[in-house]
Amino acid sequence: MKEESKQLSDYEKYIRTQELLSLQKEEEELCCEDELTFQTVHQIAELHFKLILQYLDRSCKSMQKGDAEGASLMLDRINEHLRQLPPVFDLVKAITPADYHTIRLFLGRGSGQDSPGFNAILKEGPKLWEPFERLLKKENRTLLQLLETPDGNRTLYRLLKTLLTFDEYFQTFRHSHIQLVKRMIGLRTKSLKGIPAQALERGARHEFYPHAWDAVCELTDLTGSSYDPKPL
């Protein structure tokens, strides 16, 4: 008699655990013991990226509707995911460098630079600035005025803070990934695409909202000049 197929629970059906857990290599297919760790960690990261992209879209739409508070709430979610991503990638550090190179060769010419989720965030992240500027204009305020007198519009000020936090956390995530690359393959070498690993450092300095960071500097310069500081 044929063995009867296992009856799936409602949880398994809803989460689609059979499909989800079949997306990794089987034990006999692994090029080394830790390939499952490498593959699973990167799949987890892509799911984080997927949620971040959904929240970016919702935040943008909230701003377009004039809902600054709703946009901030979506950015709060994004920022929490960005807080979780570095520890997720820390799990890769359990892999020995020797096994890491074995896995890397099985990637072919694949690279983390090809991550569809990561690259989509690079594209979609800056798009939040235009609707934010429209909200500023509607309130007849400049960035400097918002930073100088946050009590004048607390909701808009909170949105600016969450935008800056998103930009900061994304840069922090990129920097932590550089540290992972440095540890596993080194920075004074080339990627499988022939690009120096040090090129990652330039990307980590990229800002989504340079106008906002410039306004922070502008406020500092303005406030500092009013102190008329004397030499010690």
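Select Asn-140 to begin: at 67% relative accessibility, this residue counts as exposed, where exposed means over 50% relative accessible area, buried under 20% and partly exposed in between, with a 1.4 Å probe and protein chains only. The model is predicted, so local features need pLDDT of at least 70 and side-chain atom pairs count only at pLDDT 80 or more, while totals for chains, interfaces and linings use all residues. Residues are numbered from 1 along each chain as its sequence is written, and side-chain values use heavy atoms, leaving out hydrogens and water.

**The loop between H7 and H8**

Asn-140 is found in the loop between H7 and H8, and has a positive phi of about 55° although it is not a glycine. Most residues other than glycine have a negative phi.

Now select Arg-141, which is in the loop between helix H7 (129–138) and helix H8 (143–148); helices here are DSSP runs of H or I with at least four residues, strands are runs of E with at least two, and both are numbered from the N terminus. Arg-141 is buried yet has no salt bridge, the nearest side chain of opposite charge being Glu-139 at 6.6 Å.

**Helix H5**

Move to helix H5 (residues 97–106), whose buried residues are Tyr-100, Ile-103 and Arg-104. Seen down the axis of H5, these buried residues fall within an arc of 105°, so they line one face of the helix; the arc is that of the directions from the helix axis to the C-beta atoms. They pack against helix H3 (35–64) and helix H9 (154–184), contact meaning heavy atoms within 4.5 Å. Turn the view to the face away from the buried side, and the exposed residues Ala-98, Leu-105 and Phe-106 come up. Just after H5, Gly-108 takes a positive phi of about 70°.

**Salt bridges**

A search of the whole structure finds eleven salt bridges. Select Glu-35 and Lys-25, which form one of them, with the closest N and O atoms 2.9 Å apart. This pair links distant parts of the chain, Glu-35 being in helix H3 and Lys-25 in the loop between H2 and H3, ten residues apart. Glu-35 counts as buried at 6% relative accessibility, whereas Lys-25 counts as partly exposed at 28%.

Next select Glu-69 and Arg-158, whose closest N and O atoms are 3.6 Å apart in a salt bridge. Glu-69 lies in helix H4 (residues 68–90) and Arg-158 in helix H9, so the pair ties together parts that are 89 residues apart in sequence.

**The whole chain**

Finally, zoom out to the protein chain, which has eleven helices and zero strands, and in which buried residues make up 36% of the 232 residues.

How values were computed. Lys and Arg count as positive and Asp and Glu as negative; His and the chain ends are not counted. A salt bridge is a side-chain nitrogen of Lys or Arg within 4 Å of a carboxyl oxygen of Asp or Glu.
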